[in-house]
Amino acid sequence: MKLASLRNGRRDGALHVVDRDLTRALPCQAFPTLQAALDDWDEAAIMLQRLADELRDGRREGTLPFRAEDCLAPLPRAYQWADGSAYVNHVALVRQARGAEMPESFWYDPLMYQGGSDRFLGPCDPIPLKDPDWGCDFEAEVAVVTGDVPMGATPAEATEAIRLIMLVNDVSLRNLIPGELAKGFGFFQSKPASAFSPVAVTPDELGAAWAGAKLALPLLSHLNGTLFGRPDAGQDMIFDFGQLIAHATKTRDLAAGSIIGSGTVSNRDAEGGPGRKVSEGGRGYACIAEQRMVETIRNGAPATPFLKPGDRVRIEMLDGAGKSIFGAIDQVVTDSASA
């Protein structure tokens, strides 16, 4: 089933079941918010599936037209947002571009940071940018929403706790990152609010594409209407979502409604190189920084600019029939300094 939180004037929106074609929605009266459903998932999943079946079969009155612009993030705020870096190729490129060696531990011990989760952006909300010199970038990722996960969970136990999957634009302010990391205390100002796809889906909606706690489909990113990247989210993912969740639970429980991100999806090319632009016949990249890294490695300096006010980013994933699975994250960068 597919679930969305539609705007209703309240912070957490109203939980709706959405049909597979992303055209109609049905409110869930018994569980008014997605967090309420996650808190009582065993009961809620049965009721939500019944609504999904009735919506599919046309047996339910009170349906609404579904529009992505009416959506908040599926979880407009969450108890936990932790983003991993499962695609080590991305990390390797960052370090190679600045001439730094990558520690061997990065291949067996995931990187993860704890992001702000008190307010997420909806899929069509603007990306506010106060200063273009901060180096605004998009990062196309996959994320999962968990049920309760106990401290010390194994990867297999963690995988069983995955309730929903969705897409993320993990907005980054690249030029603020070096100064923050130099303090030795991690990201904060360089990681503003992230945006999520219009709907979150249960694993069964993905069919064979969801296997081994990975989502094996291309993740499409468009910048100003031009295809920027189409890396396969199932390839080069060194740590699956079970491993990422287990990593997060090493020293703590995770509460139902925790969100764990994959990190920027990143593929190497067929020859083992760092990947190529779409215009060069490659799969492109899921963020501007990675393209800039490759330009630096090959040419000595980056050529692609970061985002500026007026730029438009679209992130989406299609099924085998070419239909959108999660709906699209479709955002325009706005000048928040003049707001």
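Where is Tyr-108 found? Tyr-108 is in the loop between helix H3 (88-97) and strand E6 (112-114). A few notes follow; keep in mind that this is a predicted model.

1. **The patch around Tyr-108.** Together with Trp-107 and Ile-238, Tyr-108 makes a nonpolar surface patch of about 330 Å². Tyr-108 has a relative accessibility of 59%, and the cut-off for exposed is over 50%, so Tyr-108 counts as exposed.

2. **Strand E18 and its two sides.** In a regular strand the side chains alternate between the two faces of the sheet. You can follow that pattern along E18, residues 258-261: Ser-258 and Ile-260 point one way, while Ile-259 and Gly-261 point the other way. Buried or exposed, these four? All are buried.

3. **Who pairs with E18.** Strand E5 (residues 80-84) runs parallel to E18, and four bridges join them. If you want a spot to look at, find Ala-82, which stands opposite Ile-260 in E18. Strand E9 (residues 140-146) also pairs with E18, but in the antiparallel sense, over three bridges. There, Val-145 stands opposite Ile-259 of E18.

4. Cys-287 is in no disulfide either, and the nearest cysteine sulfur, in Cys-136, is 12 Å away. As for accessibility, Cys-28 is buried with a relative accessible area of 4%, and Cys-287 is buried with 0%.

5. **Ala-213, a positive phi.** Worth a look in the backbone: Ala-213 is a residue other than glycine, yet its phi is positive, near 60°. Ala-213 is found in the loop between strand E14 (210-211) and strand E15 (214-215). Its relative accessible area is 5%, and buried means under 20%, so Ala-213 is buried.

6. **Asn-224, another positive phi.** Asn-224 is not a glycine, but has a positive phi of about 55°. This asparagine lies in the loop between strand E16 (220-223) and strand E17 (226-229). Whereas Ala-213 is buried, Asn-224 counts as partly exposed, at 43% relative accessibility.

Definitions and conventions: Residues numbered from 1 in each chain as written. Predicted model: local features only at pLDDT ≥ 70, side-chain atom pairs only at ≥ 80, totals over all residues. Heavy atoms only, no water. Buried < 20%, exposed > 50% of the residue type's maximum accessible area, 1.4 Å probe, protein only. Pairing = 2+ DSSP bridges. Patch = residues over 30% accessible without salt bridge, like charges linked within 9 Å, V, L, I, M, F, W, Y side chains within 5 Å. Areas by Shrake-Rupley, 256 points an atom, 1.4 Å probe, with all protein chains shown as cover. Salt bridge = Lys/Arg side-chain N within 4 Å of Asp/Glu carboxyl O. Disulfide = S-S within 2.5 Å.
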